[in-house]
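The sequence and structure come first.

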Amino acid sequence: MNGGPPIRKSPVILYGVLLLLSAAIIAGVAARLLSREQARLDSSVRETEELRLQNRAEQLELAVSAVQDGLMRSLESIPASALRDTLREMERTNPLVRNVFVWRGANDLLLPNDSEPLTKEEQGFLIRYSTLFDGTHGWDEVVQEDEYAAPVSRRLFSRSRGWNPPMHSGWIPWYWENRLGMIGWMERDGLRYGVELEMAMLLCELQQAMPLDIVDGRMILLLDGSGRRIMQSGSIAETSGTSAVLSVPVGPALPHWELALHTTDGALGPAAQRYALLSGLLVFILFIVLFSAGGLLLRETVRNRLEAQQKTTFVSNVSHELKTPLTTIRMYAELLGEGRVSDIEKRGRYLKTIASESERLSRLVNNVLDFSRLEQNRKQYRISHFDLCEVVSETVASQRIRIGEAGMELSVVLPNVTAMVKSDRDAVQQVLLNLIDNAVKYAAAGGRLTIELAEASGGFRIAVADAGPGIAKEHRRKIYERFYRIDDSITASSQGSGLGLSLSRRLITDLGGALEYHEAECGGACFVMTVPGVENR
Amino acid sequence: MKVLAKQFLAAAVAMAGAWSAQAESNVVCRVEMDHPVVLSGSRQTAVVKVTLDAPKAPKLNKRPPVNLTIVMDRSGSMGGQKIDKAREAAIAALLRLGPEDIFSLVTYDDQVTTVVPAQSAANTEWIEGRIRSVTAGGSTALFAGVSQGASEVRKHLDGRYVNRILLLSDGLANVGPSTPAELGRLGTALRKEGISVTTIGVGTDYNEDLMAQMAQNSDGNTYFVESSVDLPRIFASELGDVLSVVAGKVTIDVEFPEGIRPLRIIGRDGRVGNDHVEVSLNQLYGGQQKYALIEVELPIGAEGEVRQIAAARCAYQDMIANRPANSSGQAMVRYSADNEDVDRNMNVAVKKEVLLNEVAVAQEQAIDYADQQDYKAAAQTLYVNSANLALFAEQNSLPELEAQAAEMQQQAKDIENQQELNKEGRKSMRTSSFWIFNQQKSERGSSY
């Protein structure tokens with residue numbers, strides 16, 4: 001690899017970085033947009049809810065004003081001559097009237113008049129409103145009771161249709177002992193008369209104005225000025241200290257009262273959350289798709305380039321491999337053909353060389369053919385029972401001369417028994433040949449080659465060990481890759497196509513065996529192939 | 001109660017100073033004095049008793065149709081046997097109603113559900129199914145429950161019906177307005193609409209002040225039920241009351257002639273003017289007697305002088321004929337210089353009612369003292385009044401009063417010894433004073 005032309009890494013890395021960067025930017029921008037959209041959605045949900053709550057508050061206020069208007073109308077229709085009696089009658093029969101009064105000025109009450117004995121209720125009434133009746137508080141001013149300021153003391157009724165209340169009239173919200181009360185009054189002929197509203201009855205009527213269509217997990221509370229629960233609509237399991245999600249004031253008719261919305265999780269609506277989750281997921285998926293597609297593209301590109309380069313090397317290697325024996329064959333054939341070699345011994349040697357070189361050629365061609373078959377998944381195995389000892393001896397015998405010529409001392413160890421296996425005989429032989437070939441090619445300098453057949457678990461193993469330089473650790477995993485050669489240059493000291501080990505490994509794994517690299521005792525390479533036995537197939 | 005009514009009737013006939021009202025009116029209005037004969041030559045106070053006697057409800061005639069809402073507490077504490085019994089009781093109540101009647105059922109925990117909207121009670125099968133579907137759980141929105149019940153009743157508020165809410169609760173109101181005063185005001189307002197709330201407290205945890213006040217202000221009844229087993233029986237008897245209402249929107253207006261000044265109304269709230277007194281009662285049951293006791297100041301009179309003391313006018317809605325009606329009566333006194341003459345003519349029945357009401361006032365006061373943890377004062381109040389009662393009972397040989405005096409004495413002793421007024425004691429005292437003030441049929445029969 002180090003000898004080959006370097007892959008131009010910089011543009012690839014640039015593209016990768018660009019892709020990553022743009023993916024990150026897209027994700028970032030999308031997240032930002034999403035969060036903004038989420039915020040917008042949240043605020044719109046909030047607004048809608050607030051509007052709805054406001055609407056409900058208005059309904060409550062409307063209910064209050066309807067009650068107030070009704071009472072004001074009956075006050076207006078009282079004839080001046082029967083003021084006292086009619087007021088008394090109102091108090092007795094109208095459930096919305098708690099007390100009645102006629103007031104002429106500071107400390108001048110005509111009704112109820114404390115010069116005559118009063119009912120307990122009337123006594124309480126006079127105590128509650130003493131500062132109003134003794135003139136301490138102006139009727140048109142802001143009326144206060146402790147810190148609870150009533151913002152509106154007098155209201156003119158412009159909302160009612162077709163009925164205009166007299167100018168000198170109004171409603172006074174009045175806080176006494178943290179409880180809201182209300183006085184409706186009207187002025188006629190210098191007399192102010194009116195009623196105290198029965199708050200219990202008002203609340204009873206407001207109950208009907210409280211919303212009933214409450215979804216699960218929500219609760220609407222009507223709270224008075226001191227935070228007391230007056231009404232509740234809907235119900236949630238409460239933990240102490242939960243504060244309202246939303247609250248709106250009910251309006252001037254019920255000063256300081258408010259409607260508060262509570263939810264189980266303290267958030268508004270699951271819809272918004274679901275939106276965030278869904279779009280977040282989408283963005284994430286988009287990011288993943290972009291990223292993995294980019295990564296895949298990058299990887300494929302790098303691989304393609306690598307493969308193209310390997311194929312080029314392969315072709316030149318194979319051509320070189322083919323050319324060498326052919327040259328030798330041609331040279332010897334020409335010498336013999338010219339008839340100039342008279343020495344019989346020499347002639348025999350030439351012919352042997354021609355035969356061995358052709359053998360090498362056909363081995364090479366076989367390998368290439370098998371390789372292409374395997375690549376196209378068209379390789380067919382011819383499975384048969386055979387004795388592995390026989391194959392080993394046969395192969396060794398055919399290669400003995402070559403090994404001897406390479407200056408290697410050969411030792412073969414065979415078991416005493418027959419080693420019957422069920423496999424493709426030719427393929428096994430091819431693998432063994434490849435291993436021997438490799439040893440001759442790369443480890444001839446070691447001067448020793450050991451081939452050992454032994455029984456292994458589930459079959460037999462053939463170890464081909466040499467005393468050569470061995471294979472460095474960093475290459476050990478790659479040697480089985482096709483076209484891979486440790487020295488990849490054309491000018492390498494040994495010839496080879498880079499196919500042998502890759503092919504051998506595939507063949508032997510296809511047949512249910514394995515091919516592994518071990519380090520030999522003296523530092524050389526030892527390839528061990530296992531072939532499953534008969535009973536295992 | 002019946003025995004008492006007979007006694008009164010007999011006394012009324014025998015009495016010189018009392019005039020019976022017109023015969024054509026259904027409700028009889030009688031005015032009596034505790035002392036028909038008073039001592040001449042000195043200023044003194046006397047008690048005027050205005051009694052309303054309702055006729056027996058006609059058994060065979062049509063009774064007025066009932067517009068009944070049952071407001072049932074279904075908060076968590078009602079779980080188990082209580083809710084079972086309550087359901088059973090509601091069904092028993094339903095079965096007593098006829099097709100003319102209106103029935104509705106509202107339940108509440110922290111919110112209110114109208115289980116059965118107001119409708120004819122003829123639809124028993126469906127309603128029964130709905131009642132059986134009620135289960136317990138949640139907290140107690142009592143105000144909202146009664147409000148919803150009232151709105152169901154209001155759907156048929158046309159004067160033809162006897163309107164009644166039966167409130168059943170075992171707890172304290174904890175959602176919405178929940179003070180006795182506030183629910184009392186609701187009761188008052190509902191009475192003005194002609195709706196009565198009868199409250200039934202189950203167990204020992206409910207707020208009896210709240211329940212009693214709401215019932216009192218709306219002229220309903222209040223019951224204290226320790227065991228939920230009693231519920232069906234109480235529903236039945238309460239419904240018996242409802243079914244026999246003969247007069248509604250009852251008001252008494254008593255006029256006093258020149259020189260006679262009303263001082264107070266004993267045990268009731270009402271309007272006390274310079275020369276007249278107004279008391280309003282909501283309704284009268286068939287055969288029931290209700291009265292108001294008014295303390296007045298008499299002018300100095302000469303020996304032998306006969307004076308008119310009070311003229312009472314009672315206005316009411318005749319629930320059987322469904323039309324407004326009224327009746328009236330008046331009371332006289334005779335001045336006498338003879339002390340014995342005065343004592344001999346004392347009206348024992350009236351005096352007894354006065355005493356009983358004073359006792360009830362004392363009981364209320366004792367509860368207040370006990371609430372302030374002044375147990376000594378509470379016991380003292382009860383001792384003094386039980387002694388008064390015992391003395392009167394002995395003088396006039398009234399054994400049932402003696403028994404009550406003994407019971408009071410025991411209560412006083414308990415409070416003094418235990419240094420507390422336990423829940424049951426407080427509830428039974430509150431309930432019994434309620435019964436005295438309201439002169440309604442007592443759950444405990446004649447013993448009140």
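## Architecture of chain B

Chain B contains twelve helices and 16 strands, where helices (H or I, at least four residues) and strands (E, at least two) are DSSP runs, numbered from the N terminus. This is a predicted model, in which local features need pLDDT of at least 70 and side-chain atom pairs count only at pLDDT 80 or more, while totals for chains, interfaces and linings use all residues. Residues are numbered from 1 along each chain as its sequence is written, and chains are lettered from A and ligands numbered from 1 in the order in which they are written.

Of the 448 residues in chain B, 53% are buried; a residue is called buried if 20 or more other C-beta atoms lie within 10 Å of its own, exposed if 12 or fewer, and partly exposed in between, with C-beta atoms placed from the backbone. Among the contacts in chain B with a separation of 6 or more, 74% join residues 24 or more positions apart, a contact being two residues whose C-beta atoms, placed from the backbone, lie within 7 Å.

In chain B, six strands form an open sheet with mixed pairing, in the order β6-β5-β4-β7-β8-β9; two strands pair if DSSP finds at least two bridges between them. Its edge strands, each pairing on one side only, are β6 (112-120) and β9 (222-225) of chain B. From one strand to the next the twist averages 15 degrees; axes are lines fitted to C-alpha atoms, for helices over the stretch in contact, and angles run from 0 to 180 degrees between N-to-C directions.

Within this sheet, strand β4 (residues 66-73) of chain B pairs in the parallel sense with strand β7 (residues 162-169) of chain B over seven bridges, and T69(B) has I165(B) in β7(B) as its bridge partner. Helix α2 (residues 81-96) of chain B packs on the sheet, touching β4, β5 (102-108), β7 and β8 (195-202) of chain B, and its direction makes about 175 degrees with that of β4(B). Helix α4 (residues 142-154) of chain B also packs on the sheet, where it touches β4, β5, β6, β7 and β8 of chain B, and its direction makes about 160 degrees with that of β5(B).

## Nonpolar cores

The largest nonpolar core has 159 residues, and those with the most contacts inside it are V48(B) and V71(B); such a core is a set of buried Ala, Val, Leu, Ile, Met, Phe, Trp, Tyr and Cys residues joined through C-beta atoms within 7 Å. Helix α1 (residues 9-76) of chain A gives the most to this core, with eight residues. Leaving aside neighbours within four places in sequence, the contacts of V71(B) include V106(B), Y108(B), V146(B), I165(B) and L167(B). A second, separate core of 38 residues includes V391(A), L432(A), I462(A) and V464(A).

## Where the chains meet

Between the chains, 27 residues of chain B are in contact with 24 residues of chain A. On the side of chain B that touches chain A, the elements giving two or more residues are α4, α5 (180-192) and β12 (271-272) of chain B. Helix α5 (residues 199-209) of chain A packs against α4(B) at an angle of about 80 degrees, with their axes 9 Å apart, which makes α5(A) roughly perpendicular to α4(B); angles under 35 degrees count as roughly parallel, over 145 as roughly antiparallel, 65 to 115 as roughly perpendicular and the rest as oblique. Residues making this contact include L203(A) and C204(A) of α5(A), and F143(B) and A144(B) of α4(B).

## A helix pair in chain B

The axes of helix α9 (residues 348-371) of chain B and helix α10 (residues 375-395) of chain B come within 8 Å and cross at roughly 170 degrees, so α9(B) is roughly antiparallel to α10(B).

| Contact region | Residues by class |
|---|---|
| Side of chain B that touches chain A | ten nonpolar, ten polar, seven charged residues |
| α5(A) with α4(B) | five nonpolar, five polar, no charged residues |
| α9(B) with α10(B) | twelve nonpolar, four polar, one charged residues |

## Strands of chain A

Strand β13 (residues 409-413) of chain A lies largely in the open, because zero of its five residues are buried. Five bridges join β13(A) in parallel to strand β15 (residues 448-456) of chain A.

Key: Ala, Val, Leu, Ile, Met, Phe, Trp, Tyr, Cys and Pro count as nonpolar, Asp, Glu, Lys and Arg as charged, and the others, Gly among them, as polar.
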